[in-house]
Structures are given as C-alpha cells and as structure tokens.
Amino acid sequence: MFGDMRCSYSYAPKAVNCIPEGSILSYRDRSLLLVSENEDEKQCLSNTTNRFRVAYDDDKAVWTLATPDVRICAAVSCGMIWTEKPQSVQCAEGLGISNGIDSLRLCISAASVAESCPSLSLELKNTARSIAASFECAICRRIESSLRPSPCGCSSIPSVVGTPFDYVIVGTSFCAYSFVHRAIANNPNVKILLVEKGDLFLLEHRQNPSTYSQLPIAESLRRLESRPWSFSASSSSLVTAVKGQMVFYGGRSTFWSGWCPEPSDDDLDGWPGAVRQSLRQYFGAARKLLSVTPANKIKSLHSDQLIYGPEFQEFLETRCRATDQASQVSPGSIAMAKDGTMKFSTPTPLIRIGRSNVQTILNCTVLKIIHDGKRATHLQTSQGMLPLNEAKLILAMSTLPSTTLVLNSFSKDQFPSLANVGKRFTAHFVSSVVARVPRNRLQVPPSGHGVQLGAVYIAGKGQAQYHLQLSAVATSNLESIDIELCRQFSANSIPEACIKGSPKHVLVSCSALGELDHKNNDNWFRLMEDGTQSDLTSNGELQIVPNDQDMALWGTMDEVMFKTIVGCLSSPDDEVEYWHENKGEWTTERPTTESIRQTEVVHDASTMWIGEDGDEEAPVGLDYRLRGVENVYITGGALWPTGGSWNPVLTIVAMAMHLADSLCSVSPLYFCARL
C-alpha cells in the first residue's frame with residue numbers, strides 16, 4: 001500500500017463522492033466496503049467478502065466497481081477510482097500511476113462476487129466476471145507507460161544516453177532501496193539509474209503466491225518466479241531447486257516472510273573483523289529503514305491494538321525456553337510497512353524517495369558488463385548498449401543472477417583475482433511442520449479477539465548453525481476476519497485450510513533452517529562447459545551435494561523442531577495433531593522425514609564472498625568492490641563468507657547502507673542529524 005503517501009494525498013473525499021446518498025454502507029476491520037439497496041444482496045456480499053478481503057482505510061484511495069444494483073468499494077494501493085462506468089478511471093493526481101496497474105485483491109473481490117453470490121442477477125455476475133478478467137489482465141500487463149517520467153519516471157536506454165549518473169544499480173529489491181535511500185540522504189543531488197529486469201508492478205507485499213492458488217491469476221504469479229540456471233547431473237536428489245527470482249519491480253521484497261533477526265557475534269564467525277564491526281554500527285539503521293518490529297509490539301493501524309498479544313507471546317516464549325533446546329529465544333522480529341498494514345516491500349518507498357534523483361528502466365535485462373580491462377564501460381542489455389560513463393556500477397541482484405553476470409563478463413585469464421567466483425556456495429535447507437492441540441488443553445491467556453498471534457525466533461545449539469522460526473495462532477470463536485488477520489500478519493505462511501479447520505485450537509507452524517557447509521567443495525556455481533546455452537542469463541550451472549555435516553545437522557534440527565512443538569503445546573506427543581499436506585488431514589502420527597523436508601533451498605549465498613585485504617582467495621574486498629575492477633560493487637548474499645542460518649535481509653541491508661556511506665560523500669545536514 002502507499003501508506004505514507006496518504007500524508008500528501010487524500011483520496012477519501014473523491015471516493016465518497018462516487019457513492020450516492022442513501023446507500024447502505026457496511027464494512028468491518030479491513031474488509032470490503034459494501035454498498036447495496038438490497039439487504040439480501042448486501043448480506044450475501046458480506047459473507048463473500050469476509051473471505052476475500054481488501055484492506056480499507058478512510059485515508060486511502062477507494063475503487064468503486066459500479067453496477068446498476070450494487071457498488072463494491074475497496075481500498076487499493078494505486079490511487080485510481082472507478083466512476084459511474086467501470087471503463088472510466090480517474091487517476092489520482094501526482095501519483096504517476098495510470099490505468100493498467102491495480103491490486104491483485106481487486107481481482108479476487110470481483111471474482112468472488114461473480115462466482116460466490118448465487119442470489120445476484122446474471123447481468124451483475126457477468127459484469128463482475130468482466131471486471132475480474134480485466135484485473136487479471138492488468139496485473140500481468142507491462143508498465144512502461146504506467147510509470148510516468150515525472151515524478152517517478154520510467155525511462156528507456158535511448159532516453160538516458162548522455163545523462164550523467166553517479167550510480168547505475170541493477171535491481172530494485174532490498175539492497176537497491178537501502179543504497180538509494182542512504183545515497184540520497186548523504187547527497188541530495190546524487191543521480192541514480194535503476195535497471196530492472198521485471199516490468200510488473202505489485203505495490204503490496206504478498207507472503208506467498210500460493211495463497212491465491214484457487215484463482216486463475218495464481219498460475220501467472222507462479223510463472224513469474226524465474227530460475228534461470230540448471231542443476232548439474234551430480235547434484236543430490238535431496239535438493240532439486242533454489243528459491244528463484246521474482247521478476248517484479250521490487251523483486252523478492254514483495255514475496256517474503258518479513259523475518260529480520262540480528263546475527264550474534266558467534267553467528268558471524270568466519271567473517272572479516274572489519275565487516276563484523278561495520279554491521280554492528282549499521283544494524284540499528286537497517287532496522288529503522290525496514291521498520292523491524294518485535295512481534296509483541298506490532299499494532300493494528302485500524303484499532304491501535306496489539307496484534308501479537310503480550311500474554312500469548314510470553315506464553316509461547318516461556319514454553320520454548322523450557323524445552324532447553326535453544327541457545328536463544330526471542331520474539332520474532334518482523335519488517336513492517338510504515339503504516340503497519342503489510343509487511344515491508346520496496347516499491348512504495350523506492351518510488352517515494354527517488355522522484356527527483358532516480359530514473360528507472362524497466363523490462364531491461366543486463367546480459368554482460370563490457371569493460372576495458374580495468375573498469376566497466378557499458379552494459380550490454382536486452383534494450384541495447386548502455387554507456388556507464390563515470391558511473392559506479394552496483395549489482396543489487398540476487399545471488400545467482402549477479403554471479404552469472406560476473407562470470408560471463410570477466411574471464412579468469414584476464415582477471416585472475418576473480419578466479420574463485422562461484423567456487424563457494426551456501427544456502428539454507430528447510431523443514432516445516434504444522435501442528436495443533438485444542439485450546440482448552442492449554443492455559444492460554446484469554447483474549448477478546450477471535451484469534452491471537454505469536455512469533456518466536458529460536459537459535460539452535462551446536463557447532464553448525466540452525467534456527468527455528470515458530471509462528472503460532474490461538475483461535476476461539478473464529479470468524480472470517482480472523483483468517484484475514486492470520487494471512488496478513490502471521491510470521492510464517494500457514495495454510496488457510498489449517499486455520500479454518502481449527503476454530504478453537506492452538507496451531508503452531510514451525511520452520512527449521514540450517515546452513516549448508518561453506519567448506520563443501522562439492523557445492524559450486526559455474527558456467528556450463530558444453531556451450532549449448534547461448535542465453536547469457538541462463539548459462540549457469542549449480543551443484544549441491546549435502547555432506548555428512550549437513551545431513552547430521554538436518555537430522556538434529558528436525559528432532560529439535562518436534563521437541564519444541566511438543567513442548568510449546570505442552571501436551572503428550574500422542575495428543576498433538578500434525579497437518580499432513582499430501583492427505584489434507586490432521587492425525588497424531590508424525591509426518592515423515594521426506595514430507596517435512598523441502599527440496600528447495602533458500603537464501604543462496606557466498607558465491608562472491610568478501611574477504612580481508614590480504615585474502616587473495618576472496619573475489620571481493622572490504623570496499624565491496626570486485627577485485628581487479630575499478631567501478632563494480634557487489635551487494636546481497638553473494639558477499640557472505642559463510643551462510644549462517646539466520647534470515648538474511650537485515651544483514652544485506654546493513655551492508656548496502658555501509659557501501660552507500662563509503663561511496664557517497666555525506667551532506668553536512670545529514671551528518672549533523674546522524675550525530
């Protein structure tokens with residue numbers, strides 16, 4: 001949502017003017033706003049929209065889907081307002097968004113009216129179906145024309161040739177935003193060009209595309225997760241995929257859990273001392289930038305009430321500590337949008353902060369970095385050649401795409417200091433379990449709400465690193481609005497079927513993440529040797545072969561996860577019910593090892609690790625610069641010397657902010673403000 005923009009723009013009066021006097025208004029906390037002259041239709045719509053809810057706030061823009069009989073008003077992020085005719089759209093002045101950008105949830109709401117309201121007339125159903133189809137088309141529509149040159153311009157390579165930039169950044173996710181934010185704060189006159197592969201624009205955070213698995217648009221979203229690499233024939237069958245790129249403006253930031261733990265000094269063992277010191281200096285700024293909030297302090301913007309009740313949160317933490325399975329137990333730290341209505345994502349703040357400083361090229365894939373033997377001079381892209389002139393190049397892509405680009409651009413013969421790029425690979429393997437017990441079996445603190453949420457971060461014990469991230473839901477008198485609350489704010493993604501089928505239970509969703517051994521030489525990423533792949537973005541080959549240390553760690557963390565769940569639910573093991581996804585049912589039988597272990601690893605890292613000045617093996621120096629190349633800098637997980645097990649966003653943001661401060665001269669006003 002454009003939460004912070006409401007300070008500058010007020011859309012509600014326009015929206016209210018679209019609603020005729022005498023209409024019956026009915027809405028609940030963050031539900032659809034319904035308008036109907038017919039009580040039966042109103043009730044039918046109300047039942048539907050409790051399942052498919054769109055965030056509503058008086059200060060935000062409102063769409064009015066106009067039909068002869070019923071008007072459905074729903075808050076959306078892009079500030080457009082339907083008028084009397086559905087084909088007519090008024091664009092909020094100054095926002096720079098035009099017809100074709102919309103909220104995924106409007107597709108849901110319109111589709112729900114068409115398919116789930118048997119009492120509505122055929123004419124009305126057809127109108128709603130038509131609206132839903134147009135939304136689905138629009139959500140996957142290219143947006144070059146939807147971002148205007150001013151104030152948040154969408155450019156092309158011909159339009160920027162000859163324009164001097166201080167920095168050219170490839171990517172628009174966490175590292176890009178944190179670098180831009182810090183660079184502009186340091187120097188208000190800085191000029192930055194963003195180059196983004198994606199051309200889709202989803203303004204809201206969505207934790208998991210599978211949430212919308214019953215809708216036609218879900219398949220479109222799944223297809224947009226790109227994995228432009230291959231696995232070697234020798235890779236283990238235990239790991240068959242790596243979490244892919246999200247080809248959107250904002251990238252992976254629109255699809256993530258929000259967990260932002262801060263690693264301890266022990267977690268950073270093996271990292272250069274200078275990097276560890278800088279992280280300690282920048283973690284606070286990174287938390288502030290991401291609005292990282294302990295779970296027990298997250299409030300509902302609508303009611304100003306705590307979403308994660310302190311009593312239930314303390315209840316969970318106490319039981320997790322009592323299991324004696326952890327080196328540390330703490331409230332989950334979640335990155336929230338500034339207005340508290342969603343988890344953090346970069347599109348809104350990136351557009352807001354960069355109006356006069358930043359130009360953006362969308363639908364532009366960088367294929368190769370052209371250099372003169374010392375410095376990068378051009379980018380070879382899908383839109384043609386982009387001269388860098390005096391700009392510094394910042395690679396803010398995810399790990400494997402940035403590594404592919406470096407491998408294709410800098411030969412080991414010409415740049416021997418980069419010979420180890422891709423020789424190290426780390427990631428996190430994952431196991432996940434959902435369990436429950438009836439609420440009356442536990443002494444759960446009472447609540448006036450139908451649902452209570454909790455989130456606990458549990459650091460494991462042992463030489464190799466792992467952690468558990470536990471998300472809990474206590475239900476009583478469960479209503480549809482509570483399911484939406486879980487979907488929107490639950491730290492882990494919990495299947496809706498589990499929540500709906502547990503109206504008076506305590507549910508626990510526990511994920512365990514462990515580190516792949518960074519010393520395992522059987523894990524690597526390199527270019528295909530057979531030369532059969534001519535596409536420079538997809539000629540990378542990955543091999544992952546978990547070793548004995550990895551398998552032992554995986555077994556340990558699985559067992560600790562079950563012990564923690566049983567201890568947290570404070571019941572004998574034979575009373576705990578486990579969700580079996582493959583059967584779609586609850587049983588007291590533990591899920592099998594094969595069913596809880598994911599074959600997709602996450603948080604890939606370490607392919608271009610950062611090293612001390614005297615470390616000749618590390619491809620990147622303490623200045624974040626590719627060794628041997630004067631003006632190319634690396635951000636993100638690729639820099640990590642070891643993979644650890646903690647969720648990476650807080651750390652990569654802190655490192656990107658440090659890089660920006662290292663490169664950008666600090667303005668006197670900002671320097672004084674930081675003091």
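Trainee: Why does Asn389 count as partly exposed?
Mentor: The relative accessibility of Asn389 is 42%. Buried means under 20% relative accessible area, exposed means over 50%, and partly exposed lies in between, with a 1.4 Å probe and protein chains only. The value of 42% falls between these limits, so Asn389 is partly exposed. Please note that this is a predicted model, in which local features need pLDDT of at least 70 and side-chain atom pairs need 80 or more, while totals for chains, interfaces and linings use all residues. Residues are numbered from 1 along each chain, and side-chain values use heavy atoms, without hydrogens or water.

Trainee: Where is Asn389 placed, and what is its phi?
Mentor: Asn389 lies in the loop between strand 20 (384-387) and strand 21 (392-395). Here helices (H or I, at least four residues) and strands (E, at least two) are DSSP runs, numbered from the N terminus. The phi of Asn389 is near 55°, a positive value in a residue other than glycine.

Trainee: What makes Ser291 count as buried?
Mentor: Its relative accessibility is 15%, which is under the cut-off, and therefore Ser291 counts as buried. Ser291 sits in the loop between helix 8 and strand 14 (292-294). Although Ser291 is not a glycine, it has a positive phi of about 55°.

Trainee: How do you know whether Pro294 is buried, partly exposed or exposed?
Mentor: With a relative accessible area of 29%, Pro294 is partly exposed. This proline is found in strand 14. Leaving out residues up to four places away in sequence, Pro294 touches Pro331, Gly332 and Ser333; contact means heavy atoms within 4.5 Å. Pro294 and Ala335 are 41 residues apart in sequence, and their C-alpha atoms are 8.9 Å apart in space.

Trainee: Why is Pro261 called buried?
Mentor: Its relative accessible area is 8%, which is under the limit, so Pro261 is buried. Pro261 belongs to the loop between strand 13 (245-246) and helix 8. Beyond neighbours within four places in sequence, it is in contact with Tyr457, Trp646, Asn647 and Leu650. Ser330 is 69 residues from Pro261 in sequence and 9.4 Å from it in space, C-alpha to C-alpha.

Trainee: Why is helix 6 described as roughly perpendicular to helix 8?
Mentor: Helix 6 (residues 174-186) and helix 8 pack at an angle of about 105°, with their axes 12 Å apart. That angle makes helix 6 roughly perpendicular to helix 8. Phe174, Tyr177, Ser178, His181 and Arg182 of helix 6 make the contact with Tyr282, Ala285, Leu289 and Leu290 of helix 8. By class, these residues divide into six nonpolar, two polar and one charged.

Trainee: What makes Thr323 count as buried?
Mentor: Thr323 has 16% relative accessibility, so it counts as buried. Its place is in the loop between helix 9 (310-322) and strand 15. Leaving aside neighbours within four places in sequence, Thr323 is in contact with Lys563, Thr564 and Gly567.

Trainee: How much of the whole protein is buried?
Mentor: Buried residues make up 60% of the 675 residues. The secondary structure of the protein comes to 17 helices and 31 strands.

Conventions: Axes fitted to C-alpha atoms, helices over the stretch in contact; angles between N-to-C directions. Parallel < 35°, antiparallel > 145°, perpendicular 65-115°, else oblique. Nonpolar A, V, L, I, M, F, W, Y, C, P; charged D, E, K, R; others polar.
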